[in-house]
Amino acid sequence: MEEALKRETSLSLEATKAGARRAYSSARAYVSAHAHAVLCASLLVVMAANLYTAVLQKSITNDEIVHIPAGYYHLVAGDFHLNNEHPPLVKMWSALPLLFVQPEEPPPPQGPEENFMERTWGYHSRFWQANGARFESLSFWPRVMMIPLACALGALIFIYARRLFNERAALLAVALYVFEPTVLAHGRIVHTDLPAALTYLLAFLALDVYARAPSARRAAWLGLATGVALVTKFSMLVLAPVLAVVASAMLWRGPRSGTPRRRVAAHALVVAGIALLVVNAVYYFQSPTLDAADVGWMRLKSAPNFDALMTGLGALSKIVPTYFLFGVYNVGLHNSEGHAASLLGAHSATGWWYYFPVAFALKTSLPFLLLSVASLLWSLHGFFVRRDRRFALVLVPLGVYAVVSLSSHINIGVRHFLPTYPFLFVASGALLDRLLRATRARRAALALVALAVAWSAVEAARAYPDYVPYMNQLASARPRWYYLSDSNVEWGDDVKSLAAYLRARGETEARTAIAGGWGTLHFYGVRGHDILAAKGGPLPPTRYTAIGAGYLNGSTVSGGEDTDRPTEEQRVNYFARYRERQPEAVFGNSIYLYKTVTSDE
């Protein structure tokens, strides 16, 4: 009996060991078969950890002060008057956790005499004032919600590059993506820039899937991707002419390609219909009459074309939400009027056609910059000389968005150029993969690829967590604020560090000119006396003066006849006396802290 029991136990152990060996072998086989995808996921986890810890250390940026309350108001009130120059989808996504946090809800935007800008700024002020005690949690969770979108873009880059080239090229593309400082800067910020890159890439992936094998189902997915892009950022309207050109080409080639023209036309209607359905759904299927104050705004800003604009808006609002159209109008107005900016020490309100290439060259890590140039030339050769269709899916979307960007008069951040980045990552990953497949000088090729990835990782580690003002070694001769301005050099996310430094020295007041500091500094226990809001009047005596890099640059300094800086020269040089002074401390490479020399300085 005992002997039988031992044999049974032995057999049971052997079966268990055999099962464990089979499970291990299966797991190993799975990992081996999906090694690149597993490594990709690992890289994205590292990226998510990086972004999460940066959120813990940084305060919200100048724009997030507005975006977060606006997103919450869109969700709970279904009202899209506020902050309508940015579509609501990303803001609403970021504000989802606030439905559980349950912030205090301030009174709704005030009377009809206020235009959309006055309502936006008034509401956000009341929102943060009502929730001052919970400022940290209310600004924390919306930023955390942006991290999954950044990871989703990395996963989509992997899918896109694998579809065009192979898994190793896809993995290398993702490796470059997760270590790029500009991506890391905006992957945690409640804004439309990185999500626009995600939806732009998604739309071209859906377009390629449809074009290879047209069907009603694939047309529906293309319409969905297009609609999501349109309610992510208004610049995604560039997809409309792209889709129109593709549809026209397919109609022309219909009989020869085996797809009847009637079917192509039906699919085009499916794409347009679903895209419009998505846009209307995000705006809660509302298309109210434009408010009187907003009508007055259009009359003020576009008097010669006012009647035509109102007629067009009235007709289009029957199929497109009114405040989607009004947002498009405001973005177009902003672009036509321009935005004060700086480039290489020069100032302009209408920008420069070469702004984004220069900004890209300065704010991109050198390994990615060199790879971008090399892979772009390689892609051009591949498409025009070797007639490789795959490169069209890199060059066309990249070229379309680049051309649109060159015509922009809003030159305030390389972030507006982010939709081109995924295609450069894909091309760069493919080029590195091609080097690894070289039959000659294999060791040199392997060393070059390892150097590119390692150098990128070192740049990410070196800049952590101060990614917003990051510039590469090409911008080492002068301070960063000399080369570029605005969100390229300062966006207010180092206010928390400034406040901690001042409090540690017993200071609770300071003179300030900081992006976003007017809205956040007091939540960290320091009262800021806005230098630019004083209009030449006396300021209370303080021991310290804090100036953001954008203000040292001069481009973000306001001017006008009702200030003590009425001329352009006085405006851009208002803080010139600080440029040669040695600051006591610099926070995040974006906020400079000086000892106040005199009480009336």
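**Exercise 1.** Is Arg 543 buried, partly exposed or exposed?

*Solution.* The model is predicted, with local features needing pLDDT of at least 70 and side-chain atom pairs counted only at pLDDT 80 or more, while totals for chains, interfaces and linings use all residues. Residues are numbered from 1 along each chain as its sequence is written, and side-chain values use heavy atoms, leaving out hydrogens and water.

Step 1. Recall the classes: buried means under 20% relative accessible area, exposed over 50%, and partly exposed in between (1.4 Å probe, protein chains only).
Step 2. Arg 543 has a relative accessible area of 39%, so Arg 543 is partly exposed.

**Exercise 2.** Find the salt-bridge partner of Arg 543 and state where both residues lie.

*Solution.* 
Step 1. A salt bridge needs a side-chain nitrogen of Lys or Arg within 4 Å of a carboxyl oxygen of Asp or Glu.
Step 2. The partner is Glu 507, with the closest N and O atoms 3.5 Å apart.
Step 3. Glu 507 lies in the loop between helix H24 (495-504) and E3, and Arg 543 in the loop between strand E4 (527-530) and E5, so the pair ties together parts that are 36 residues apart in sequence. Helices (H or I, at least four residues) and strands (E, at least two) are DSSP runs, numbered from the N terminus.
Step 4. Glu 507 is buried, at a relative accessible area of 15%.

**Exercise 3.** Describe the cover and the neighbours of strand E5.

*Solution.* 
Step 1. E5 spans residues 544-548, and five of its five residues are buried.
Step 2. One side holds Tyr 544, Ala 546 and Gly 548, the other Thr 545 and Ile 547.
Step 3. Two strands pair if DSSP finds at least two bridges between them. E5 pairs with strand E3 (residues 509-513) in the parallel sense over three bridges. Five bridges join E5 to strand E7 (residues 591-595), and these two run antiparallel.
Step 4. Ala 546 is the bridge partner of Thr 512, and in E7 the bridge partner of Ala 546 is Leu 593.
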